[in-house]
Amino acid sequence: MWAPPPVGDAPGATVVDEVDQERLLASIQRGIRLDLFNAPADAVRELEGSVWGPLRHQPALIEPLLSQPVVGSWLARSAVQLSHALIETGRWGSALTWLRLIDGWLSRPGSELDQEQLAGQHWTTGPGDSWQHGGAIPAGAERVSLRAADLWIEAQQYLALVQRDGATEVPVERLAHVQNVLRGRPLGRRFSPECIARYRGVIGHDLASLKLRRGYPPSMVLQDLDAAEAMLRAAGNTSMLAPTMLARASALGRLLDTEPIDRRLLNSVEHSVSDAMRQGEADPVLSI
């Protein structure tokens with residue numbers, strides 16, 4: 001176990017002094033890699049069983065470990081990645097627990113400063129056991145950001161997802177806030193350029209889809225989807241174009257429920273579905 005025994009009375013000793021941080025980091029990186037390469041159940045077993053499960057029983061370790069310059073950044077990333085894996089395996093309630101924890105930490109004053117040493121770092125990994133700092137993404141590799149602001153974006157996205165059917169408008173307000181931040185109102189957060197380019201269109205799609213799910217006027221949703229599609233195309237994010245086109249078809253279908261049958265509207269629905277299918281077949285990820 002990487003977890004420490006009780007710290008004695010040595011001068012200057014802290015609760016993390018006897019944590020085997022190298023072993024903890026190895027478990028974190030192994031779990032993140034499993035989720036990145038489509039093994040969410042295995043990722044949950046690793047991250048929940050070997051990392052966050054033990055921390056749940058020693059909560060006094062969480063804050064000090066998160067403030068460590070190296071393992072803290074990876075630990076924060078692992079909480080977001082564990083939440084994603086839990087969502088993928090249908091355990092949304094458990095995902096919400098860890099998302100609230102990491103959101104609370106990332107939202108507090110000074111959390112960026114605690115991780116300033118790794119603020120601009122992206123790490124790339126393949127299916128094997130190695131991680132590489134920075135550089136181009138080789139074919140078949142995946143990249144993660146350790147920047148606190150980038151993690152905050154992902155946490156907000158997943159929180160809106162798991163809370164989407166709640167009675168309040170909190171999920172919509174959450175995504176709208178993220179959208180405003182990405183439009184140039186960072187409120188002190190330092191996002192990576194890659195994060196801004198990727199998530200402006202993604203958050204736009206998520207917000208439009210959430211509004212559609214919650215019964216907002218289709219005309220409003222269609223305007224949001226127009227903007228999201230433009231940003232996704234500008235960023236070259238082809239994987240998100242197919243679901244954006246399907247959301248457009250759904251919004252157009254809602255118009256058919258409230259207006260007289262319009263052949264042009266029917267043609268628009270059919271066109272959106274066809275575009276989504278073509279985009280899905282062309283995308284190397286969606287076509288697998």
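The model is predicted, so local features need pLDDT of at least 70 and side-chain atom pairs count only at pLDDT 80 or more, while totals for chains, interfaces and linings use all residues. Residues are numbered from 1 along each chain as its sequence is written, and side-chain values use heavy atoms, with hydrogens and water left out.

The secondary structure of the chain comprises 12 helices and three strands. These elements are DSSP runs, numbered from the N terminus: helices are H or I with at least four residues, strands E with at least two. The chain has 288 residues, and 49% of them count as buried. Buried means under 20% relative accessible area, exposed means over 50%, and partly exposed lies in between (1.4 Å probe, protein chains only). Among contacts in the chain with a separation of 6 or more, 63% join residues 24 or more positions apart. A contact means heavy atoms within 4.5 Å.

The largest nonpolar core holds 64 residues. Such a core is a set of buried Ala, Val, Leu, Ile, Met, Phe, Trp, Tyr and Cys residues joined through side-chain atoms within 4.5 Å. W52, L65, W74 and I102 touch the most other members. Neighbours within four places in sequence aside, W52 is in contact with L47, I62, L75, S78, A79, L82, W98 and L101. A second, separate core has nine residues, including A208, L212, L222 and L255.

L65 lies in helix α3 (residues 62-66). Its relative accessible area is 0%, so L65 is buried. The C-alpha atoms of L65 and L55 are separated by 9.9 Å, and the two residues are 10 residues apart along the chain.

The count of aromatic pairs comes to four. Rings of Phe, Tyr and Trp (its six-membered ring) pair if their centres lie within 6.5 Å; planes under 30 degrees apart count as stacked, over 60 as edge-to-face and the rest as tilted. W74 and W123 form an edge-to-face pair, at 5.6 Å centre to centre and 65° between the planes. This pair links distant parts of the chain: W74 is in helix α4 (residues 71-88) and W123 in strand β1 (residues 122-125), 49 residues apart. Both W74 and W123 are buried. With W131, these two residues form one aromatic cluster.

W152 and F191 form a tilted pair, at 6.4 Å centre to centre and 45° between the planes. Distant parts of the chain are linked here too: W152 is in helix α7 (residues 148-162), and F191 is in the loop between α8 (170-182) and α9 (193-213), 39 residues apart. Both W152 and F191 are buried.

R198 lies over the face of Y199, at 5.3 Å from the ring centre. A charge sits over a ring if NZ of Lys or CZ of Arg is within 6 Å of the ring centre and within 35 degrees of the ring normal.

R248 lies in helix α11 (residues 241-258). R248 counts as buried because its relative accessibility is 15%. R248 and H205 are 43 residues apart in sequence and 9.9 Å apart in space, C-alpha to C-alpha.

Most residues other than glycine have a negative phi. N38 has a positive phi of about 60° although it is not a glycine. N38 lies in the loop between α1 (21-36) and α2 (40-57). Its relative accessible area is 71%, so N38 is exposed.

A search of the whole structure finds one cavity of 30 Å³ or more. On a 1 Å grid over the protein atoms alone, a cavity is a set of points where a 1.4 Å probe fits but cannot get out; lining residues have an atom within 4 Å of a point. Grid points are joined across faces, edges and corners, and a volume is the space filled by probe spheres set on the points. The largest cavity has a volume of about 30 Å³. Q179, L182, R183, R200 and M231 line the largest cavity.

How values were computed:
On a 1 Å grid over the protein atoms alone, a cavity is a set of points where a 1.4 Å probe fits but cannot get out, and a pocket is an open set with protein on both sides within 12 Å along at least five of seven lines; lining residues have an atom within 4 Å of a point.
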